[in-house]
Amino acid sequence: MFYREAGDFKVSYPEDSQTFPIKFDRYRYYLVLAVAYLVIPFFINDYWANAVFVPFLIYATAAIGLNILTGYCGQVSLGTGAFMAVGAYAVYKLMTAFPEVSMLIHVPLAGLVTAGVVAIFGLPSLRIKGFYLAVATLAAQFFLVWLFNKVPWFYNYSASGQISSPERSVFGIIVTGPNTEAWAKYMICLIFVTLAALIARNLTRGSIGRKWMAIRDMDIAAEIIGVNPMMAKLTAFAVSGFFIGIAGALFFSVYLGAAEVGESFGIDKSFLVLFMVIIGGLGSIFGSFAGAAFMVLLPVFLKNVFVGMLGWPTDLAAHLQFIVSGGLIIVFLILEPHGLAQLWRVAKEKLRLWPFPH
Amino acid sequence: MKLTTLAVAAVMAASPVMADLVFPSLSYRTGPYAANGIPFADGYEDYFTLLNERDGGIGGVPAKVIECETGYNTEKGVECYEATKGEGALIYQPLSTGITYQLIPKVTADGIPLHTMGYGRTSAKNGEIFSNVFNYPANYWDGASHAVNHIMSQGDISGKKIALVYHNSAYGKEPIRTLEELSKKHGFELMLVPVDHPGQEQKSQWLQIRQQKPDNVIMYGWGVMNQVAIQEAANIRYPMENFIGIWWSGSENDVLPAGDRANGYKALTFHNLGDDYPVYADLRKYVVDAGKAAGAGDQLGTALYNRGMYAAMLAAEAAKTAQELSGEKNLTPAMMRDGMEALEMTEAKMAEIGLPGFGPEFKVSCQNHGGNGLGAVAQWDAAAKKWSLITGYEGSDQDVIQPLIDEDSAAFAAEAGIEAGCK
């Protein structure tokens with residue numbers, strides 16, 4: 001009834017090719033943006049920012065990055081954690097070397113550094129595919145973590161090998177360090193995630209994205225129709241690295257405030273982001289958000305229910321939380337192997353026909 | 001899902017209980033560090049239960065322990081901190097150096113004291129810069145110095161090769177600077193052997209030790225890493241009396257898996273061991289027999305249970321001091337901080353609590369948040385399944401440590417833009 005193309009006439013090409021061609025979808029999108037930008041910042045407190053929204057937005061950025069590589073271009077990567085570490089250490093070096101420069105410049109620069117590093121580690125993808133490429137990225141994961149532990153220059157020769165983010169600001173508003181207001185943390189992450197989603201969405205709709213998808217679906221066929229596999233794969237690695245680097249930079253500077261490479265950017269982080277992409281849905285920007293929400297919010301939610309509401313012992317709750325999240329992941333993947341994004345697509349198809357499904 | 005989370009958090013936020021003295025316990029009863037996290041958390045909680053049951057709380061105000069599971073993970077630790085700080089938390093003891101590094105700037109901004117007993121950032125001893133962070137009675141660098149002193153007490157150290165087997169994290173890296181300075185001063189050779197989290201696989205590290213044959217091994221390990229290291233050391237027949245762990249590598253859980261082969265393993269400690277103290281009679285009477293013990297209630301008298309209890313006891317004594325100072329029964333975190341800074345532990349006080357001779361005497365001041373740094377060496381008797389102290393409490397080499405503390409805290413002050421000075 002509400003969700004349909006009928007009667008929604010497009011009279012120009014830009015109108016016809018816009019991201020959300022259906023009116024209902026478009027308004028829903030504006031509504032989400034309005035709530036995110038105009039409502040939440042006024043109500044957010046420290047707990048909500050640090051436990052829920054900031055990690056959700058940052059992981060969503062990382063998931064968008066990995067989704068470009070794995071979901072759109074079909075290159076499996078197990079190095080996301082280490083690539084986030086590249087972003088984190090890049091922003092740390094930039095923040096400490098140029099204290100007066102705005103974070104709005106440092107974070108994209110860290111993204112660019114990561115893009116370069118990831119493109120280098122993407123070179124093996126020109127020769128190897130599938131599981132073998134996954135192992136090559138796994139090597140990147142271990143190598144980079146080892147490197148950041150080994151070379152003291154990266155952590156400015158601090159005694160403990162920790163990096164900690166000093167206080168930095170954007171237009172006079174403090175966005176990193178302990179004195180940051182909850183809304184400022186939230187807003188800087190929101191701005192970056194919005195930009196990342198917009199850029200990613202438009203790249204994947206354009207010729208670059210189509211090349212990525214051609215490579216994903218069948219690389220030989222893609223080569224025959226004129227897609228340059230080297231350019232397509234390396235741009236996918238670079239763009240993916242850019243977003244993952246931004247996520248890593250925000251993760252360290254805004255969210256954690258202090259980080260240690262082995263613990264914060266270990267292999268489990270790579271798997272966590274990969275799970276987000278798989279559960280959310282490969283090859284879908286919405287899926288990146290849905291997957292990040294699922295993996296970040298579910299543990300916090302379960303913990304609050306088990307310990308906060310039911311008053312169970314914390315160890316029981318922690319174990320049960322593993323069981324419930326693990327079980328839900330399996331259930332989801334059996335019922336809907338294409339992830340939450342596919343559920344959303346099915347729901348939209350149903351909505352189109354509603355209320356007369358025949 | 002978001003809506004339900006919202007509702008849950010709203011319920012949680014709507015019911016803060018301000019009447020009690022809140023002591024959050026950021027514990028870990030799951031994961032690779034659980035074997036060490038459980039006894040500490042049990043001891044911490046049981047001591048407050050004892051105070052509530054026996055004395056009706058601290059100065060008549062009941063103590064409330066809010067437990068939050070961190071799994072030794074910094075992200076969860078931050079979440080726990082944010083979730084509990086609104087409940088009137090008086091003091092945080094995260095039992096994790098990684099989480100401590102996260103919390104140091106946060107607690108300083110929020111004005112809540114942080115007590116990292118024998119762990120955390122060593123230079124926090126300088127209270128003029130780390131106003132809200134305390135690490136009495138001893139710290140990692142004291143521990144490194146104690147280990148070297150103990151080796152020196154057994155013979156000439158110069159020319160010896162000493163290996164440091166450490167958890168490759170902020171925790172394990174802390175003593176490296178001190179050991180490097182000490183190796184320069186005393187002329188021994190230092191060999192660094194990092195073990196990555198969680199440390200279940202140490203074959204290559206111990207192969208390296210077998211090949212290079214260091215005269216002594218010092219270990220800074222935690223969790224499952226300790227058990228594995230002691231078993232591997234036994235496998236390569238490394239002489240256990242030359243193997244010395246920091247106080248975090250000296251619990252029963254660490255040596256029991258290796259059985260008889262762990263006999264003679266040494267570990268440092270900054271408090272006494274065993275359950276031969278009057279307070280244990282009260283603990284059994286009011287807490288365990290009343291069915292109010294935390295966890296499974298089977299950890300009484302273990303090294304880490306004692307440490308958890310000691311941590312709780314110091315927090316309770318600081319709260320008492322704060323109540324005397326401010327004249328208020330219901331404390332704020334700021335009063336608690338002042339109480340900690342004015343804390344003085346004397347033998348008479350400890351005897352009154354039921355823990356005579358349990359820990360060293362020390363006095364906290366604004367300049368010194370770290371106590372005297374006294375420590376002793378304990379040795380494991382595998383037949384009796386008991387730790388026993390083989391030395392008395394001895395001081396550490398402050399000539400080496402103090403300049404390092406000054407240097408590191410000054411670097412932090414410059415980085416964070418803090419003016420040194422007493423509040």
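Helix 13 of chain A and helix 15 of chain A are oblique to each other, oblique being what is left once angles under 35 degrees are called roughly parallel, over 145 roughly antiparallel and 65 to 115 roughly perpendicular. This is a predicted model, in which local features need pLDDT of at least 70 and side-chain atom pairs count only at pLDDT 80 or more, while totals for chains, interfaces and linings use all residues. Residues are numbered from 1 along each chain as its sequence is written, with chains lettered from A and ligands numbered from 1 in the order in which they are written.

Two packed helices are described by the angle between their axes and the distance between the axes. For helix 13 and helix 15 (residues 339–353) of chain A, the angle is about 120 degrees and the axes are 7 Å apart. Axes here are lines fitted to C-alpha atoms, for helices over the stretch in contact, and angles run from 0 to 180 degrees between N-to-C directions. Helices (H or I, at least four residues) and strands (E, at least two) are DSSP runs, numbered from the N terminus. Helix 13 brings A:Phe286, A:Gly287, A:Ala290, A:Gly291 and A:Phe294 to the contact, and helix 15 of chain A brings A:Gly339, A:Leu340, A:Ala341 and A:Trp344. That gives six nonpolar residues, three polar and no charged. In this scheme Ala, Val, Leu, Ile, Met, Phe, Trp, Tyr, Cys and Pro are nonpolar, Asp, Glu, Lys and Arg are charged, and the others, Gly among them, are polar.

Chain A also meets chain B, with 34 residues of chain A in contact with 39 residues of chain B (C-beta atoms, placed from the backbone, within 7 Å). On the chain A side, helix 13 (285–309) turns up again, alongside helix 3 (46–72), helix 11 (261–264) and helix 14 (314–335), as an element giving two or more residues. Helix 13 of chain A supplies the largest share, seven residues. By class, this side of chain A has 15 nonpolar, 15 polar and four charged residues.

In chain B, seven strands make an open, mixed sheet in the order 6-5-7-8-9-12-13, where pairing needs at least two DSSP bridges between two strands. Strand 6 (189–195) and strand 13 of chain B sit at the edges with a single partner strand each, so one side of each has no neighbour in the sheet. The twist averages 25 degrees from one strand to the next. Strand 7 (residues 216–220) and strand 8 (residues 243–245) of chain B run parallel, joined by three bridges, and B:Met219 has B:Gly245 of strand 8 as its bridge partner. Helix 6 of chain B packs on the sheet, touching strand 5 (161–167), strand 6 and strand 7 of chain B.

B:Ala378 is bridged to B:Leu389 of strand 13. These two strands of chain B form a hairpin with four residues between them, and B:Lys385 in the turn has a positive phi of about 50 degrees.

Helix 6 (residues 170–186) of chain B also packs with helix 14 (residues 398–416) of chain B, their axes coming within 10 Å and crossing at roughly 140 degrees. The crossing of helix 6 and helix 14 of chain B is right-handed.

Notes:
A crossing is left-handed if the near helix is turned anticlockwise from the far one by less than a right angle, and right-handed if clockwise. Two residues are in contact if their C-beta atoms, placed from the backbone, lie within 7 Å.
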